[in-house]
Amino acid sequence: ERKPSPVWQFSPHESFRLTEEDITDFVNCVKEYAFISIFNKDYAKDATEACQYLSILRPELIVPPIVEMVFESIDNTNEPHRFTSIMTCLTRITRELIRQTSDYSQGQTYVLPLLMSVLPGIDLNDFKKTSVTLEFLNTMFMLITCVDCSSAVNIRNDLDDIEIEVCLSTAKFDDFIHEFLNRIFQIIKVLSTDTSDAAVAIDEANMEDSTLESNLKTIMTNIVQQCSSKIFRIIREKITDFVTRSYWSSKVRKIVASLVRAIVLGDPAETLKYLLPKTCDYINKIMNDAEGHGLLTDHKGDKELTWYLYLFSELLRARGDTLIIYKQMIISVFHRCIQIIHKGSYKAVASAAKHLLKSLTHIHLINNRSTIENIDGPYVDFLPIRMWGQPVDVDKFQAQYYIPGDDELNFVREFVETFMYLELELLKEKSSKLSNEERLRSLTIVHHIATGCFRVVPRISSPNVQNLEPTVVPYSSQSQVQYSMYSKQPKFRENIRLRLLIDIGKLLDILVTSHSDDVSSIKIAHKIYSATSIYYGGSKHHVNELRKEFQANKLFIKNRLCSERQNPRFLIMKRIALQLEQFEIIEYATLTEIDKQVALKLFELSTNRYSEVRRQAQNELFSVLNRYRFSSQVLVDRIIELLNASGEVDHDQIKGCLYILLGNNNCFLPTEDSWATIEKLWPTLVRTPHASKISTQNLITDIKIHINKVFVTKEIIQNLNEKSIRAAAVLWHPLESNEMNTREVHNQANIQLYNRLMETLSSLLKDNILTWRQQETAMAFLCLLLQRQIPIPSSCIQTSVNLLVHDHSELRKYAAKSVAAICRLQKTPRIYVEKTLDKILQENQNNGSTVITHDECQPGDRDDNLWITIDNYKPPESQAEWEQTCFMDKTFLGYYAWPNIIKYPINKRAYYTQNDMPEQVAIIYNRFIDKNFIIQLTNLTVTEWHIDDKPELYPSNNTDIDNFF
């Protein structure tokens, strides 16, 4: 009411609007029920959401009672569940708690007391309690700055009593940081001694540890990005002392590393200055002490070295401009450790290489805190507590970006050429002589280096694959915008993608032929091979994680009761970071001959005799097919060749083909691309002779079920109006006569493909060459393909009608559905008439109505539109009246204004007669006037009803409504 959209809404009269008193009464009416429901497990989620919206309306009525309940629940040992429930609710109202508004600012006085009071909720013995506590702290530090601004009391004279109290309380931030980190350190120590390393699988953590790691990383990142230099120094010193005091086991390694990652993101220059030289010294010292003990070839490794290498990899997540300073130090560590054979150690080295290259090549946001002002003081012109939870103007956002420069890109080129080529030469010259562990180490290093540097490696130059799909506009346009985010591209000695494509392709052939037992190496080789075609610096998995995190944050923060966006700065920064990552995975490129080579290679590996090789190759193949439009067409002919092959065929190849057709969530070939693909694949699935084994039968059944679930009938005829064609010609170029005919040619080809597909399925059913299972699949496909754009072939209608009296009950059910659908499609079209409103009102005997002027907009119920409502409806008394009654099929007509001419259908259709009956209709008519056919159909139907009357004997049979059509 107060902020109506001038386009879509009208403003109600002042006397009908809600007053401030009405809103207060509403909140008072609802709040008690919401408070009670917070502790009801069935309605807790709805209650917390209601409290969030109520707190936006009247924070002074909602925030104090909830905070009071929080303090009461902290010491309540008899009902611990109350603490988790009320903390969940408190998290949803955090922004209203800490935000200053003209009506309410007392909530800020609760911030420090709440932070100190909820720390006991971090309890390793109660995971749910710990989770809700960390979630609350995470939300809190998204919105506030962790700054001691108590000195403002002595500087400024414009502070009110509440602001003075809040400023003085911020002096306790130091105490909170000490207590919070001490509790986290204690949890890590307990977890590290909980079980021995032998009982915990390397690189695997249970769900609780993973959630704890994620929450700690987010909380610490928010704190260090929103804190003053003094508090950051405290955090850095405590974490640095903790991580370097001793080495940590694999169980807690990720949790400890998350703390390091947070301070690296907060202030990379300061963190690297104190931590990176010390870490490199530890690594060099261990390597020097162990040179005589063969540490490079020791498969057991050194736990302390593994930890410091892991820490080293986390430190290399810093921005590229801060890493350049330590270039020689970083290179020396890689020279010393890249040949280590221990799995945990070389994985840490590989991760360090990937992090280094990504830091040197990726664009990062700088200054993610909630304000661009200086929060270190003096607080003469700016007071941090006044910015807590406040929205920012997007036009005054002042985002800052780190864009890699020439030094960073030269470092990338030097690093890649130093270490990647060394491993490629090793794999090329000694691929058969290397042990499985040595080969896996080398491939892991190559894979991580490639993943890190592919952001700046151009695509392999290759001609496009032609004639994938008929179109006037080419898939890749020369007028498409081409640009680079860098001042210059690094000059590698050759295109690394092409080098990897050749070398890894040859290695894959050797591994599959001679070292098929080395499944781990084959998996890594698959990833490298597909990455040469589809990876350009970002992954959909990472983007989806960022999107989920952004949506979760927005759920707690966004003001849904305001028509305009009122997002705090950190939320906008997260949105920008998400857009940057999405930009890296979007590639409007077309399939080239090189990409086709990659797809065909992965296809051959996807039909390998080893299941692990097939599974990994299929995953990579789906990524390639999902990347490039119409790319699946290069595989269709090969799939059909294998499925239709006569004689003895490798069962593993058949299973591989069927798994490719089954696809995954992002790729499903049987319903993709075009009618040409469907026309080839569907009959092949029906008649394949290699479905004798249970496993292949189950796969075909799964494919059929998935087709039935996701298939939407594709358009056969493209109906484009002339206006659209002219607009497209303006955007592209004036169309030649042969280009104008492309659409007609495409439409005729689609019609032929559709008719051929329907007739093929029909002939397969009539020839009795299929098993009953195959007949079910064919009939299921036939039902899915029914449409109204073009006439259905007569042979399909004849087949469907004949199957109504088939011996197989499942075929009869499909036939009943098919014939029922055909009957609906064969109805004659509706008859439309065009009349003026006055004439319609006269026919409806409504002459007394006042007609509103057509040009005047008056939304709502009026005298002239009452006749279309149910309250004013008068049933017709004769057939003629029924046929002429105007029933509006568009609900919006008359609500705002009346058009000059109203077009509507009358309640009458034309009827078929024996003389003018089309062939498709005559087929059904002739069968249903056949007495013998009706008797046979009735007997079969009655038999099914008898079965349905005994559900205890036949639980899977139910009376089908289509039998009554």
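Predicted model: local features only at pLDDT ≥ 70, side-chain atom pairs only at ≥ 80, totals over all residues.
The protein chain splits into four pieces: domain 1 (1-104), domain 2 (406-469 + 483-538 + 585-654), domain 3 (670-826) and domain 4 (832-905). Those bounds come from an automatic or database domain assignment. Residues are numbered from 1 along each chain as its sequence is written, and side-chain values use heavy atoms, with hydrogens and water left out.

The chain's mean pLDDT is 85, and 91% of its residues reach 70 or more. Over residues 196-205, though, the pLDDT is below 50, and this stretch has seven contacts in the model beyond near neighbours in sequence. Residues 949-959 are also below 50, with eight such contacts.

Now for some helix pairs. Helices (H or I, at least four residues) are DSSP runs, numbered from the N terminus. Two packed helices are described by the angle between their axes and the distance between the axes. Axes are lines fitted to C-alpha atoms over the stretch in contact, and angles run from 0 to 180 degrees between N-to-C directions.

| Helix pair | Angle | Axis distance |
|---|---|---|
| H19 (406-430) and H20 (436-453) | about 150° | 10 Å |
| H33 (742-766) and H35 (794-802) | roughly 35° | within 9 Å |
| H29 (675-687) and H34 (772-784) | roughly 155° | within 8 Å |

With that angle, H19 and H20 are roughly antiparallel to each other (over 145 degrees). Their crossing is left-handed, meaning the near helix is turned anticlockwise from the far one by less than a right angle. Among the residues making the contact are Phe415 and Phe419 of H19, and Ile445 and Ile449 of H20. By class, this contact has 14 nonpolar residues, one polar and three charged. Here Ala, Val, Leu, Ile, Met, Phe, Trp, Tyr, Cys and Pro count as nonpolar, Asp, Glu, Lys and Arg as charged, and the others, Gly among them, as polar.

H33 and H35 also have a left-handed crossing. Met758, Glu759, Ser762, Leu765 and Lys766 of H33 meet Ser795, Cys796 and Thr799 of H35.

Finally, H29 and H34 are roughly antiparallel to each other. On the H29 side, Trp682, Leu685, Val686 and Arg687 make the contact, while H34 brings Gln774, Thr777, Ala778, Phe781 and Leu784. These divide into six nonpolar, two polar and one charged.

Key:
Helix = DSSP H or I, 4+ residues; strand = E, 2+ residues; numbered from the N terminus. Parallel < 35°, antiparallel > 145°, perpendicular 65-115°, else oblique. Contact = heavy atoms within 4.5 Å. pLDDT = per-residue confidence, 0-100.
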